[in-house]
Structure formats: structure tokens, C-alpha cells
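Let's go through this model together and ask what stands behind each label.

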Amino acid sequence: MKERSSIAVIGLSVHTAPVEMREKLAIPEAQWSRAIGELCNLNHIEEAAVLSTCNRMEIYVVALSWHRGIREVMEWMSKTSGIPVSELREHLFMLRDSDATRHLFEVSAGLDSLVLGEGQILAQVKQVVRVGQDSGGLGKNIDRLFKDAITAGKRVRSETNISSGAVSVSSAAVELALMKLPKAHFLSARMLVIGAGKMGKLVIKHLSSKGCKRIVVVNRSAEKVEAIREELKDVEIITSLSMR
Ligand SMILES: NC(=O)c1ccc[n+]([C@@H]2O[C@H](COP(=O)([O-])OP(=O)(O)OC[C@H]3O[C@@H](n4cnc5c(N)ncnc54)[C@H](OP(=O)(O)O)[C@@H]3O)[C@@H](O)[C@H]2O)c1
């Protein structure tokens, strides 16, 4: 009997896999099109999309056969990451049809994020569609799935209070840190931020918006600290230490 096609998601996330494993599997945006091409060349895969962020690496496919399709994608993930299938299997989750759809809707709504309701993931889901369009289309089913997930993500944010309060890892970290400090000390306290990459800069911006303007930044190299100093002129970057 001929098997029917399934929508499937095979992936791992901050809830199922350590950062070292997520880093090995991560696919930078510039390589999404190539990855989609390789996945669609597998025998039982008709359509594919890659959702690769700091917190998750998920592959959505339309598979002609659930079992064979899943196996091919797992082997592809193993080949691209260098992680044996036996090890990957312990951290992967696999969902099919309505479960896969519900999962993407939850991801898009920020319900599966480390910080509930964070907004960056919705932009990342949108980016998957944008990159798909620029490289010839994701395929009709996956394209529909992602567009519906974007609609769901927007509705959840506009019709509920999920995005009130801390809505990113950096803002949550700042709120948590400031809970330890009486408000009267915000202006005079010296705050230590380790790292001056994108996250470090966001932390400094959040601290600054809360009134903490004296910040010690520790970073491997000086350039990024200098760039932050230039951009955030109202913040006093007191010391920049090199860890080299
Ligand atoms: N960006 C996001 O929205 C986001 C969201 C959630 C989680 N995260 C996670 O947060 C972490 C930082 O992300 P990011 O976006 O801020 O990265 P990034 O912009 O690339 O910054 C990386 C930082 O780490 C330092 N670094 C890198 N390799 C190093 C090494 N070998 N020795 C010492 N320092 C080193 C860099 O120093 P130099 O300036 O000297 O290069 C820089 O300060 C990552 O684990 C990421 O997965 C990021």
C-alpha cells in the first residue's frame, strides 16, 4: 500500500540538547538555501525548511514516507554536524502532521522559548519564509505552514499579554540582576558585563535604560567595546579588560 505524505519536524532545542550540540548543528542563514537543496535531494523528502537559531535547530519537511524520510534527515544532520546518529537520537524530537504544525505555532508564538513570549523568534520564523522566497520557494505545504505560524504568532502577541514584561534573554537577565540591587543604587552601582557581542551590547542597553550608567565590560578584544562606547555615549564604560 502506498504511504501518504507527512509533514514532519525533526529537531533539537534548548529544552532537549546542550549548547555544544546545538552549535555543531547550527546552520547560518547564508547556508539555508543550500541545506534546503540538499534535503530536497533526499529520496523521500519533497519540501524542506530550516529553522536554525541560538536556541533551536529544527528541520521541517514534507516526507513521502514518515520512517524513511525521518531516517534520511537524521543521517543528513549527522553528516553535516559530525555527530553520530546514535548520539543525535538521544536529543532529537520528531513530530508529525498536526503535532508538527502545533509545535511550529507554539514556537512562533514564543511559547517554546527560553523566555516566554520573546519576540525574536517570530522575526526568525518570518526570515525562513523570506529566504525561502528569495531562493525559489519553500514548497507549497511548508510555505503555507510557516505563513500560518506567523499569523498565529502575531495573534498570540496581539490578543494576549504574553509579550508584556521581559521578552528577551538579555532583558530577563537584567531584570534578574537588578532584583538584587536597591533602586536607589542603580545610578551609582558599577555593573560588570562579560562579553561585548550582540548579547553583551543588548545587556548594556537594558542596564542603561534602567538607569545603570556605569558599566565595566570584559571582552577578549577591544574593538567591540570601543564600538559600544562610541554608540552609547551616555553610558560610562569604565574599563575594558582583555582576556587574551
Ligand atoms: N544574539 C542573540 O540574540 C542571542 C539570543 C540568545 C542566546 N544567544 C547566545 O548568546 C551567546 C552570545 O551570542 P552573541 O550573539 O552575543 O555572539 P557574538 O555577537 O558573536 O559575540 C560573542 C562574544 O563572545 C566572545 N568570544 C567568542 N569567542 C571567544 C573566545 N574563544 N574567547 C573569548 N571570547 C570569545 C566575543 O569576543 P570578541 O569581541 O573578542 O570576538 C564576543 O564578546 C551565544 O552563545 C548565543 O548562542 C544569543
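Q: Which residues of helix H2 are buried, and what makes them lie on the same side of H2?
A: In helix H2 (residues 32-40), the buried residues are Trp-32, Ala-35, Ile-36 and Leu-39. Buried means under 20% relative accessible area, with a 1.4 Å probe and protein chains only; helices are DSSP runs of H or I with at least four residues, and strands are E runs of at least two. These residues cover an arc of only 100° around the axis, so they sit on the same side of H2. The arc is taken from the directions from the helix axis to the C-beta atoms.

Q: What do the buried residues of H2 pack against?
A: They pack against strand E2 (45-52), strand E3 (56-63), helix H3 (66-81) and helix H6 (120-134). Contact here means heavy atoms within 4.5 Å.

A word on the source: this is a predicted model, where local features need pLDDT of at least 70, side-chain atom pairs count only at pLDDT 80 or more, and totals for chains, interfaces and linings use all residues. Residues are numbered from 1 along each chain as its sequence is written, and side-chain values use heavy atoms, leaving out hydrogens and water.

Q: Why is His-103 called buried?
A: His-103 has 8% relative accessibility, and therefore counts as buried. This residue lies in helix H5 (residues 98-108). Leaving aside neighbours within four places in sequence, its contacts include Val-9, Tyr-60 and Asp-112.

Technical notes
Buried < 20%, exposed > 50% of the residue type's maximum accessible area, 1.4 Å probe, protein only.
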